[in-house]
There are 2 protein chains.
Amino acid sequence: MAEWEKLVADKRARLEKTIPAEWKIKAVPEGDSFFDFPAKSGILSENELQITESSATELVAKLASGELKSVDVTLAFCKRAAIAHQLVNCNLEFFPEQALAQAKELDAYFEQHKKPVGPLHGLPISLKDQFRIKGLETSMGYVSWLNKYDTEDSIMVTLLRKAGAVFYVKTSVPQTLMVCETVNNIIGRTVNPRNKNWSCGGSSGGEGAMVGIRGGIIGVGTDIGGSIRVPSAFNFLYGIRPSHGRMPYAKMANSMEGQETVHSVTGPIAHSAADIRLFLTSVLSEEPWKYDSKVIPLEWRHHEEDVIKNKINSGGLTLGFYNCDGVVLPHPPVLRGVDTVVSVLKENGHDVVEWSPYRHEYAVNLINGIYASDGGADVGRDIEASGEPAIPNIKDLLNPDIQAISMIQLWDTQLQKWQYQTEYLEKWRELEEKLGKELDAIIAPITPTAAIRHNQFRYYGYASAINLLDFTSVVVPVTFADKNIDVKNESYAPLNETDKLVQAEYDPDAYHGAPVAIQVIGRRLSEERTLAIAEEIGCLLGNTVTP
Amino acid sequence: MAEWEKLVADKRARLEKTIPAEWKIKAVPEGDSFFDFPAKSGILSENELQITESSATELVAKLASGELKSVDVTLAFCKRAAIAHQLVNCNLEFFPEQALAQAKELDAYFEQHKKPVGPLHGLPISLKDQFRIKGLETSMGYVSWLNKYDTEDSIMVTLLRKAGAVFYVKTSVPQTLMVCETVNNIIGRTVNPRNKNWSCGGSSGGEGAMVGIRGGIIGVGTDIGGSIRVPSAFNFLYGIRPSHGRMPYAKMANSMEGQETVHSVTGPIAHSAADIRLFLTSVLSEEPWKYDSKVIPLEWRHHEEDVIKNKINSGGLTLGFYNCDGVVLPHPPVLRGVDTVVSVLKENGHDVVEWSPYRHEYAVNLINGIYASDGGADVGRDIEASGEPAIPNIKDLLNPDIQAISMIQLWDTQLQKWQYQTEYLEKWRELEEKLGKELDAIIAPITPTAAIRHNQFRYYGYASAINLLDFTSVVVPVTFADKNIDVKNESYAPLNETDKLVQAEYDPDAYHGAPVAIQVIGRRLSEERTLAIAEEIGCLLGNTVTP
């Protein structure tokens with residue numbers, strides 16, 4: 001057994017012990033889907049099932065009124081997270097005892113002061129294993145990072161804690177985080193609760209799976225190329241990639257630290273737009289800009305939401321849409337997803353016009369160059385430090401043919417990025433001038449496929465072009481692939497080699513039932529408006545669970 | 001005559017022709033100060049003197065009501081700018097005919113529509129020669145950039161134009177812009193209108209001199225290490241360095257393009273806080289974030305100003321101050337300037353406490369490394385392209401011993417910067433916790449000297465540390481050096497070699513009468529609050545000219 005394998009064996013043994021015997025399931029159920037198993041497991045009481053199937057907005061209201069105790073809510077989610085892990089293999093850190101102790105303190109506070117400590121009082125929040133919690137490990141999927149214990153909290157953790165959140169689990173990620181699936185050499189692969197043959201997405205894939213199966217109510221991820229939005233899409237969830245500077249990132253673990261040409265951002269994954277809003281408003285109420293210099297002092301702007309509400313109530317929204325970025329055509333279920341959204345919007349009186357994606361291939365190439373700007377040296381070092389092998393999905397990033405660029409080349413790239421962003425804004429203004437009114441957002445695919453089969457992810461461009469633009473993007477779950485409707489277009493002539501590979505992957509039977517989502521794209525730092533539009537779309541689709 | 005000298009001779013000849021015979025002064029007056037000369041020149045009518053000695057706020061009100069015509073206001077400023085140039089040598093581009101044609105169009109618009117085109121309708125605005133105006137040259141002080149004509153406007157110019165501003169002059173800058181004095185090989189040195197032996201500051205020094213002598217009413221500069229604030233200070237003016245992302249910068253000329261580790265920002269220089277506010281609110285009303293991706297969608301927040309007004313009216317402000325950053329002790333006039341501000345604030349019931357500057361030497365070294373991160377290669381190329389010599393003040397930047405850093409070193413620097421900024425915020429919070437209330441701003445020197453004698457600038461750290469923090473900073477004029485009060489402390493033991501050089505420069509006679517300023521430092525993107533505090537300090541000092 002190699003040294004790295006010993007580290008892994010030790011970690012797995014420790015992880016195994018985090019689940020008490022009474023939360024152990026007898027056997028992983030037969031069949032491809034685990035989605036309905038928690039309710040049938042016998043481990044959760046009726047009350048616990050009801051708690052874990054509530055919305056976060058409902059739970060915080062009941063916790064703030066004293067109707068629910070944090071220990072009960074926390075226990076319910078700990079139990080369900082334990083079940084989730086046994087089904088889909090999503091935990092990298094699990095600490096129910098600490099969580100229950102924290103919940104107890106919050107209950108004691110409530111008992112004494114008759115008020116909550118903050119807007120998330122007593123609510124369990126799950127975290128991607130990139131957030132630091134003092135005293136715990138943060139592996140980011142690297143074996144070499146095991147057995148190193150954090151000495152302080154990430155600022156997001158500090159602020160969530162102040163807002164009253166309870167921490168109980170840190171979920172799995174792909175080695176390096178630079179992949180939109182979730183596989184590492186520490187615990188292996190995390191699968192999609194709806195079908196174990198599908199990916200849960202990545203890199204915040206543990207969060208996607210955990211929240212998807214309701215072992216978590218709000219999960220916090222990060223996104224530099226789709227890592228919040230892809231797991232949201234693949235698990236029929238809402239997720240937001242806020243623009244850079246809206247949410248805190250200080251004191252996070254990361255690879256390529258100091259790389260600021262394109263920023264990774266933090267953001268929530270949840271079952272509804274309302275729960276996404278709860279998270280964002282709660283964090284902003286703690287004034288993150290006083291803790292992290294990169295956060296913009298911008299409170300939640302209710303008047304910006306009102307702009308959208310007013311438009312909805314009078315005259316309607318004006319939205320652009322595209323179903324192909326000119327590089328890769330999405331699979332039939334995703335094309336139908338976009339069509340469905342466009343149709344339902346039009347039926348409800350909104351103005352939906354075609355958006356011509358401006359040079360997305362250029363954007364995707366530019367951001368791919370940024371991801372690889374050090375030639376993969378930093379992630380390579382962290383992989384090699386333990387002797388573990390690289391996961392197959394990141395071999396592109398570690399290709400020895402990819403050379404690190406010089407600082408001057410980086411400056412050129414940064415200039416190109418800014419120019420491209422500014423040109424994109426010009427296109428946005430041009431359409432507005434043509435229409436004679438504001439373009440409120442753009443509807444687009446977020447991935448070219450419904451929840452993808454393992455190791456088949458070829459093209460992240462629908463997500464990553466938006467990162468390059470630093471636009472706000474909210475994922476809205478739309479529908480499920482249906483083999484009877486989403487037939488393969490056999491006569492389609494692929495646009496290029498990547499498109500050919502993507503098209504070849506479509507199999508109506510294999511994808512039957514896989515979640516389909518779209519993203520709503522707003523200009524930079526338009527979280528209030530873009531989320532409000534996403535919520536309206538969800539309502540029109542009947543997908544929004546309003547409390 | 002070398003080739004570059006021919007280019008210069010041609011430019012000077014063209015510049016000479018921009019001033020009509022009737023605006024020519026007979027001879028440069030005797031004595032060190034030109035400050036009072038425009039009024040005595042006989043070139044400006046009584047009405048023109050009155051216009052040029054108004055505030056911008058007054059002028060836009062009269063232009064918007066039809067009481068004044070833009071051609072009259074524009075003519076007055078063109079004439080005064082022509083005089084200014086002949087006295088202090090501050091113009092690099094002067095185009096009164098175009099300006100008057102633009103003014104005429106605006107007057108015609110007003111005549112027809114009975115309303116202004118925007119909040120700056122008909123107001124002349126002077127620009128540092130780094131802003132692009134279609135059809136004109138932008139030299140940035142490089143001989144090699146002469147005879148190249150811009151094909152589009154900078155976004156700031158586009159938006160000012162939309163707001164109704166009239167352009168008539170682009171003012172001088174030091175070769176490279178990386179110096180806080182104003183000297184280049186094209187037109188030589190720009191001097192301080194109050195005393196030709198003093199610097200007008202830099203790099204927006206042409207703006208400082210021009211607005212100082214009222215050849216301009218609002219001047220627009222840029223600041224990456226003090227370049228708006230130093231000319232403001234040296235000319236007894238207000239100036240703001242907004243935080244990055246508040247004002248547009250797209251399509252500006254610049255050196256080291258694509259360098260984003262520390263951002264240069266645009267901002268106004270003016271005679272009052274009210275005029276600074278007029279400029280900022282006017283630009284923001286044009287929604288610059290729809291044109292430049294780096295601009296944050298943040299309207300002028302009147303409620304943030306109200307927070308400060310309410311504190312002033314009840315209980316008072318809470319301010320920190322420091323008079324020494326631990327690296328270089330300011331000269332006696334500047335120490336007295338800080339004392340004066342602290343005293344007047346305390347007398348008026350505000351709480352002013354000592355601020356301990358956190359590792360400013362580290363910050364200054366870090367930002368100096370960023371300025372030189374390409375080893376001076378880019379500016380060196382633009383100097384060498386014409387064969388002109390480097391101005392003496394930038395020899396440090398072009399020192400062949402300074403090596404370009406690698407991209408990985410740049411990432412390290414970026415990480416250090418972020419960590420430092422976050423630690424600084426922590427110190428700010430710690431003091432707030434100790435005081436049990438918000439710390440509203442910090443009062444500090446902006447330069448270690450009053451308006452400095454030529455070629456004596458040794459230390460930019462009071463300005464540049466604030467750039468590294470990306471804090472908002474507003475310069476407030478305070479007083480004038482007085483040889484009878486500001487005696488030299490002969491027993492002072494310098495902190496280091498730089499401090500020794502700075503102290504040696506102090507000569508009470510030579511600095512007698514030189515403007516002294518302080519800066520008011522607010523957290524990132526606190527323009528509304530910080531400007532409101534600066535305005536209050538100006539009022540208490542009796543230096544604010546309110547219309």
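Select helix 6 of chain B together with strand 1 and strand 3 of chain B: the helix lies across both strands and runs at about 155° to strand 3. Contact here means heavy atoms within 4.5 Å. The axes are lines fitted to C-alpha atoms, for helices over the stretch in contact, and angles run from 0 to 180 degrees between N-to-C directions. Helices (H or I, at least four residues) and strands (E, at least two) are DSSP runs, numbered from the N terminus.

This is a predicted model, in which local features need pLDDT of at least 70, side-chain atom pairs count only at pLDDT 80 or more, and totals for chains, interfaces and linings use all residues. Residues are numbered from 1 along each chain as its sequence is written, chains are lettered from A and ligands numbered from 1 in the order in which they are written, and side-chain values use heavy atoms, with hydrogens and water left out.

**Stop 1: helix 6 of chain B**

Select residues 96–113 of chain B. This helix has 18 residues and reaches 25 Å from its first C-alpha to its last, close to the 26 Å expected at 1.5 Å a residue; the expected span is 1.5 Å times one less than the number of residues.

Next, colour Pro96(B), Ala99(B), Gln102(B), Ala103(B), Leu106(B), Asp107(B) and Phe110(B), the buried residues of helix 6 of chain B. Because they cover an arc of only 140° around the axis, they are on the same side of helix 6 of chain B. The arc is that of the directions from the helix axis to the C-beta atoms. Buried means under 20% relative accessible area, exposed over 50%, and partly exposed in between (1.4 Å probe, protein chains only).

The buried residues pack against helix 4 (56–65), helix 5 (70–88), strand 1 (91–94), helix 7 (155–162) and strand 3 (166–171) of chain B. On the face turned away from the buried side, select the exposed residues Glu97(B), Lys104(B), Glu105(B) and Gln112(B). Just after the helix, Lys114(B) takes a positive phi of about 55°.

**Stop 2: the sheet of chain B**

Show the strands of chain B. An open sheet is formed by 11 strands in the order 1-3-2-8-10-9-14-15-13-11-12, with mixed pairing. Two strands pair if DSSP finds at least two bridges between them. Strand 1 and strand 12 (351–354) of chain B stand at the edges with a single partner strand each, so one side of each has no neighbour in the sheet. On average, neighbouring strands are turned by 25° against each other, direction ignored.

Zoom in on strand 11 (residues 318–321) of chain B, which runs parallel to strand 12 of chain B and is joined to it by four bridges. Within strand 12 of chain B, Asp351(B) is the bridge partner of Thr318(B).

**Stop 3: helix 16 of chain B**

Select residues 461–469 of chain B. Helix 16 packs on the sheet and touches strand 8 (218–223), strand 9 (238–241), strand 13 (441–445), strand 14 (472–480) and strand 15 (515–522) of chain B; its direction makes about 20° with that of strand 15 of chain B. Helix 16 of chain B is mostly covered, with nine of its nine residues buried; among them are Tyr462(B), Ile466(B) and Leu469(B). Asp470(B) follows helix 16 of chain B and has a positive phi, near 55°.

**Stop 4: between the chains**

Display both chains. In chain B, 40 residues are in contact with 40 residues of chain A. The area buried between chain B and chain A is about 3800 Å², of which carbon and sulfur atoms give 59%; buried area is the accessible area (1.4 Å probe) that two parts lose on being put together, summed over both. Select Lys290(B), Trp411(B) and Trp418(B), which supply 19% of the area that chain B buries against chain A, more than any other three residues.

**Stop 5: chain A**

Select strand 11 of chain A. Thr318(A) and Gly320(A) point one way from this strand and Leu319(A) and Phe321(A) the other way, and all are buried. Val352(A), in strand 12 of chain A, is the bridge partner of Leu319(A).

Finally, select Met252(A), in the loop between strand 9 and strand 10 (265–270) of chain A. Met252(A) is buried, with a relative accessible area of 5%. Its contacts, leaving aside neighbours within four places in sequence, include Gln130(A), Phe131(A) and Thr266(A). The C-alpha atoms of Met252(A) and Val157(A) are separated by 9.4 Å, although the two residues are 95 residues apart along the chain.
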